[in-house]
Amino acid sequence: MPSYFTSSPGKVILFGEHAVVYGKVATAGSLGLRSYALIQTREDKKIEVNLPDVQLARSWNINDVPRQARWEGYPYPPQSMNAELLDQLTKFVDLGSQTNRSQAAIALLYLHSFLTTDETVAQGYDFVVRSNLPVGAGLGSSASYSVCVATALLQLNGYLSAGMGLDVAAQRDLVNQWAFQAEKVIHGNPSGIDNTVSTLGGAVMFKKGEKIEPLPGFQSLRFLLTNTRVPRETQVQVANVRKLHDKFPTVVNPMLDAINEISNSCKTIFSQDGLDRTQLLSRFGELVDVNHGLLSALGVSHPSLEKVREISSKLGLKSKLTGAGGGGCALTLIRDDVTSETVAVVKQLLEAEGFQCMETSVGGPGAGILTLTHPTTIAEFLAHDKAYFEATQNWVYFV
């Protein structure tokens, strides 16, 4: 029976928060924290779904799930979302419409309705996802899930096989487009940035209304990611910046322009000849400092985020908020010359404040597939830890 693991990273905004709303350039990168999925065929014509991170364990008869006839543009997604199908699936899963559980289930079944072949319907399948990404922390957990769903269903149903005649770039694009459909199910009107970073990996630059572009020459960087556990209120922070902008446009617009130039400067340092790794990290750290200062001046910092900066700066490290601010997460750059003892001290001090700290990287690989030599059980899959997946060889990435 075909059996696969799929994997995809979360994302962080490196530079450009809030300024991107006003048409400025922002920079985002893939996180070393990832989601992992298992998909494999069954023999009883059931879909067995287990998503422990959102407390969902359900089983459906596969023939009860609606399926779509072949459409124009196949195998790429239809131009517009199928509202009638979404209504059908919302009633079918019967979990309400606004919970993480229901959105995750509906996103899976929405893609299933388009992508599942007659061969798969004749068998059924298991689908299980576990994630190292905290839900609701602004780290792209839903996009990571969506990319896992898209990759898994496309792989199980043969769309990524050699017989389809798609090269790696086309396969990657196919995954990304279907992941974007899942993100639309979950969020309604997403930007497409999160799923693109999760599919491609590395780092990207993006500007409202323009194509998302990879950041050339980007090198993987180490960070300490700190979750302050202060709930984010993205809409509130965006509205507050808007009020400040409208009240003092001649003050705020130059700040937004400066944030724009931070992303451009980031691009420059990664493409600059003759700049060694030490110099690159030093300049990157300076951009981290300046960007946070500007965001703080826009009013989107928080005492918890300033505490992260206070503690890390005492040990010579640069930190900034990531995402909307007002709480949420902070990134602390770990230069190559920073000792493990220093990182341990910073973590200890931050955790003493009640924060959650995770050492990670930014700029690693995007979506990946691992073909298993034999089926596994759901319990076995859930028993594996992060180290197991990271140590497992033979992952195939879309690069």
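This dialogue walks through a few features of a predicted model.

Visitor: What should I know before I start reading?

Guide: This is a predicted model, in which local features need pLDDT of at least 70, side-chain atom pairs count only at pLDDT 80 or more, and totals for chains, interfaces and linings use all residues. Residues are numbered from 1 along each chain as its sequence is written, and side-chain values use heavy atoms, with hydrogens and water left out.

Visitor: Is Glu17 buried or exposed?

Guide: Buried means under 20% relative accessible area, exposed over 50%, and partly exposed in between, with a 1.4 Å probe and protein chains only. Glu17 has 4% relative accessibility and therefore counts as buried.

Visitor: Where is Glu17 found, and what does Glu17 touch?

Guide: Helices (H or I, at least four residues) and strands (E, at least two) are DSSP runs, numbered from the N terminus. Glu17 sits in the loop between β1 (3-15) and β2 (26-41). Contact means heavy atoms within 4.5 Å, and, not counting residues up to four places away in sequence, Glu17 touches residues including Ile259, Asn291 and Gly323. A polar contact is a pair of N or O atoms within 3.5 Å; within protein, one must be able to donate a hydrogen and the other to accept it, and residues adjacent in sequence count only if both atoms are side-chain atoms. Here a polar atom of the Glu17 side chain lies 3.2 Å from the backbone nitrogen of Gly323.

Visitor: Which backbone oxygen does the side chain of Trp395 reach?

Guide: The side chain of Trp395 reaches the backbone oxygen of Phe389 at 3.3 Å. Trp395 lies in the loop between α13 (386-391) and β13 (396-397), and this residue is buried, because its relative accessible area is 14%. Among the residues that Trp395 touches, not counting those up to four places away in sequence, are Phe5, Tyr36 and Leu370.

Visitor: How many residues of α4 are buried, and what span should the helix have?

Guide: The expected span of a helix is 1.5 Å times one less than its number of residues. Helix α4 (residues 141-156) has 16 residues and should span 22 Å, which agrees with its end C-alpha atoms being 22 Å apart. Because 16 of the 16 residues of α4 are buried, this helix is largely enclosed by the rest of the structure. Just after α4, Gly158 takes a positive phi of about 85 degrees.
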